[in-house]
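Q: Could you walk me through this model, beginning with its overall make-up and then going residue by residue?

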Amino acid sequence: MVPQSLTRGKVLVGLGANCPGPWGTPAETIARALGKIEDANIAVRAVSPLYATHAVGNARQPAYVNAVALLD
């Protein structure tokens with residue numbers, strides 16, 4: 001029997017960024033992060049559309065770009 005922690009399965013992962021960085025814009029950062037996940041031999045099965053949402057608690061921050069990815 002394989003321990004539960006070693007079995008493979010589907011996982012939903014939330015992604016978000018709100019400031020430009022070394023990987024580019026927030027949308028480019030999310031795209032690059034998804035590429036890095038695939039580079040680690042983790043299959044990205046689906047990705048939601050990107051959504052812009054306001055930062056919570058500090059109105060001086062830029063809006064976030066958010067997405068959800070289904071990994072296998």
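This is a predicted model: local features need pLDDT of at least 70, side-chain atom pairs count only at pLDDT 80 or more; totals for chains, interfaces and linings use all residues.

Q: How many helices and strands does the protein have?
A: The protein has one helix and four strands. Helices (H or I, at least four residues) and strands (E, at least two) are DSSP runs, numbered from the N terminus.

Q: In what order do the elements run?
A: From the N terminus on, the order is β-α-β-β-β.

Q: What percentage of the residues count as buried?
A: Of the 72 residues, 19% count as buried. Buried means under 20% relative accessible area, exposed over 50%, and partly exposed in between (1.4 Å probe, protein chains only).

Q: And the accessible surface, what does it come to?
A: The accessible surface comes to about 5,300 Å², and 60% of it belongs to carbon and sulfur atoms. The areas come from the Shrake-Rupley method with a 1.4 Å probe; for residues, only the protein chains shown count as cover.

Q: Which residues make up the largest nonpolar core?
A: That core has eight residues in all: Leu15, Ile30, Leu34, Ile37, Val44, Val65, Ala69 and Leu71. H1 and strand S4 (64-71) each supply at least two residues of this core. A nonpolar core is a set of buried Ala, Val, Leu, Ile, Met, Phe, Trp, Tyr and Cys residues joined through side-chain atoms within 4.5 Å.

Q: What does leucine 71 touch?
A: Not counting residues up to four places away in sequence, leucine 71 touches Gly9, Lys10, Val11, Val13, Ile37, Ile42, Ala43 and Val44. Contact here means heavy atoms within 4.5 Å.

Q: Turning to S4, which residues are on its covered face and which on its uncovered one?
A: The covered face of S4 holds Val65, Ala67, Ala69 and Leu71, while Tyr64, Asn66, Val68 and Leu70 are on the uncovered one. In a regular strand the side chains alternate between the two faces of the sheet.

Q: How do the other strands pair with S4?
A: S1 pairs with S4 in the antiparallel sense over seven bridges, and S2 pairs with S4 in the antiparallel sense over three bridges. Strand S3 (residues 51-53) also runs antiparallel to S4, joined by three bridges. Two strands pair if DSSP finds at least two bridges between them.

Q: Which residues stand opposite each other?
A: Glycine 16 has asparagine 66 in S4 as its bridge partner. Valine 44 stands opposite leucine 71, and threonine 53 stands opposite tyrosine 64.

Q: New topic: how many salt bridges are there?
A: The count comes to two salt bridges, a salt bridge being a side-chain nitrogen of Lys or Arg within 4 Å of a carboxyl oxygen of Asp or Glu.

Q: With which residues does aspartate 72 form them, and at what distance?
A: Aspartate 72 forms a salt bridge with lysine 10, the closest N and O atoms being 3.4 Å apart. Aspartate 72 lies in the segment after S4 and lysine 10 in the segment before S1, so the pair ties together parts that are 62 residues apart in sequence. Aspartate 72 also meets arginine 45 in a salt bridge (3.3 Å, N to O). Arginine 45 is in strand S2, so this pair ties together parts that are 27 residues apart in sequence. Through shared partners, Lys10, Arg45 and Asp72 are joined into one network.

Q: Are those three buried or exposed?
A: Aspartate 72 counts as partly exposed at 22% relative accessibility. Lysine 10 counts as exposed at 58%, and arginine 45 counts as exposed at 53%.

Q: Where is asparagine 18, and what does its side chain contact?
A: Asparagine 18 is in the loop between strand S1 (11-17) and H1, and is buried, with a relative accessible area of 11%. A polar contact of 3.1 Å joins its side chain to that of glutamine 61. A polar atom of the asparagine 18 side chain also lies 3.3 Å from the backbone oxygen of proline 62. A polar contact is a pair of N or O atoms within 3.5 Å; within protein, one must be able to donate a hydrogen and the other to accept it, and residues adjacent in sequence count only if both atoms are side-chain atoms.

Q: Finally, what is the phi of asparagine 41?
A: Asparagine 41 has a positive phi of about 60° although it is not a glycine. Most residues other than glycine have a negative phi. Asparagine 41 is in the loop between H1 and strand S2 (44-47).

Technical notes:
Residues are numbered from 1 along each chain as its sequence is written. Side-chain values use heavy atoms; hydrogens and water are left out.
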